[in-house]
Amino acid sequence: MYPNLYFAVKDLFGISLPFLRFVNSFGFFVALSFIAAAVTLTKELLRKEREGLLHSREELIWIGKPASPTELTLNFILGFLLGFKLVGLFTADSALTANVQDYLLSLQGSLPAGLVGGLLFAGLKWYEKNKQKQAQPQEKKVRIWPHDRVGDLTIYAFIFGFLGAKVFNSLETWNDFVRDPIGSLFSFSGLTFYGGLICAALAIWWYARKHGITFWHLNDAAAPGLMLAYAIGRIGCQVSGDGDWGILNSAYVTGANGKPVADAAAFDHTVREFAQIYLPQFGSLEKIPHLSVKAPSFLPDWLFAYSYPHNVIGEGARIADCNTQYCAQLPIPVFPTPIYETLTCLVLFFILWGLRKRLRIPGTLFAVYLILNGIERFLIEHIRVNSTYNIFGFHPTQAELISAGLVIGGALIYFNLKRRGVPPPATATEDARIE
């Protein structure tokens, strides 16, 4: 496992670059997932604009105004935070920056560098505006296309997606939230995808309505990218070992070298030996969810049983002779569900990409995305470790409830839109052509 890029570069290339501790592996792949989604969304919006399905909108902007106090203040704050934290990462005591996530959320940093950074950013904004300043500022009409707003859409999706993922994760791990609400909300680990999806979707719906972007066309344009982003994000879960893995595979135990060893008879003994690890999580050794599946001879054992050595959350038993802060591995390997989801969602992405020009009724591609995403997540939940609810004798997980809702909702949207049968325009109108 590579909790941050420092460990990845050191292990793969034998190069020690301490500043790479700043780059969290999970965050790195989340950033890649947002970039991939933004690229595919832009490509699809441009296609829809060329076909006359989406149109530009004229807006008034002021030209020649000096920098406002609000602009200068925001730029100062941004520059201060970057200087305070980034320079402090290299100058502070190594004990303070050993865990970069804790450091970023602390009050530690370089005050002089923060002040210099703040003044620099504010000064650059003032200089930029001052060059364009006119004696008589004037309003100017500009034409803005939906694809021009992808940057704003990405920022909205990131902010509200992260907040939603944290809130829904707190609901899913309520006992941990009650014990430490601040730590639970502000920790970088523990993110619930569906919480992020729901909150980001609401924020983007509001943004699209405000700026006159056809909602169903926007959803269709985003659908393939959402599936691709999810696949890439799950790589981050696997690489960092963030705890988002499957149930125990009782056909194996973890060997001294961290690799799975086929020994189903040793399962009960190993569980009792490491009872201090499993009891707090499951409450009883008899309630530990597990499944015994031996890997076929033509596939590697780690694809069915993985111990997540050096995982970022420190889950499991200590690794002998390890002298870093990430020295834990699972005594009994688990199913590496992030790998399964990455492979499955890559296939689903290509399916959606192939359907995007075939499904001509606006909204139907997004409905198919909801159905496929819901089915995929509902199935994978059967071999994932998650908290369950007690509803009339049934014990579904939060993800199972939401994924079932997505499948039902997607099917209702699809058949309702098909019944209405609203076809898109056959050709692009003159005012909608890309100039």
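Predicted model: local features only at pLDDT ≥ 70, side-chain atom pairs only at ≥ 80, totals over all residues.
Biologist: How many disulfides does the count come to?

Modeller: The count comes to one disulfide, and that bond joins cysteine 322 to cysteine 327, with an S to S distance of 2.1 Å.

Biologist: Which hand does the disulfide of cysteine 322 and cysteine 327 have, and why?

Modeller: The torsion about the S-S bond of cysteine 322 and cysteine 327 is about -70 degrees, so the disulfide is left-handed.

Biologist: And are those two buried or exposed, cysteine 322 and cysteine 327?

Modeller: Cysteine 322 is buried because its relative accessible area, 12%, falls under the 20% cut-off, and cysteine 327 is buried as well, with a value of 6%.

Biologist: What about cysteine 237 and cysteine 345?

Modeller: Cysteine 237 is buried, at 5% relative accessible area, and cysteine 345 also counts as buried, at 0%.

Biologist: Switching to the packing, which residues touch the most other members of the largest nonpolar core?

Modeller: That core has 29 residues, and Leu248, Tyr278, Tyr308 and Tyr340 are the ones touching the most other members. Helices H12 (267-273), H13 (275-282) and H14 (337-355) are the elements that each give two or more residues to this core, with the largest share, three residues, coming from H13.

Biologist: Leaving aside neighbours within four places in sequence, what is tyrosine 340 in contact with?

Modeller: With those neighbours set aside, tyrosine 340 is in contact with Leu303, Phe304, Phe335, Ile380 and Ile383.

Biologist: Which residues are among those of the other core?

Modeller: Another core, of 25 residues, lies apart from the largest one, and Phe168, Ala223, Val239 and Leu406 are among its members.

Conventions: Residues numbered from 1 in each chain as written. Heavy atoms only, no water. Disulfide = S-S within 2.5 Å. Buried < 20%, exposed > 50% of the residue type's maximum accessible area, 1.4 Å probe, protein only. Core = buried A, V, L, I, M, F, W, Y, C linked by side-chain atoms within 4.5 Å. Helix = DSSP H or I, 4+ residues; strand = E, 2+ residues; numbered from the N terminus. Contact = heavy atoms within 4.5 Å.
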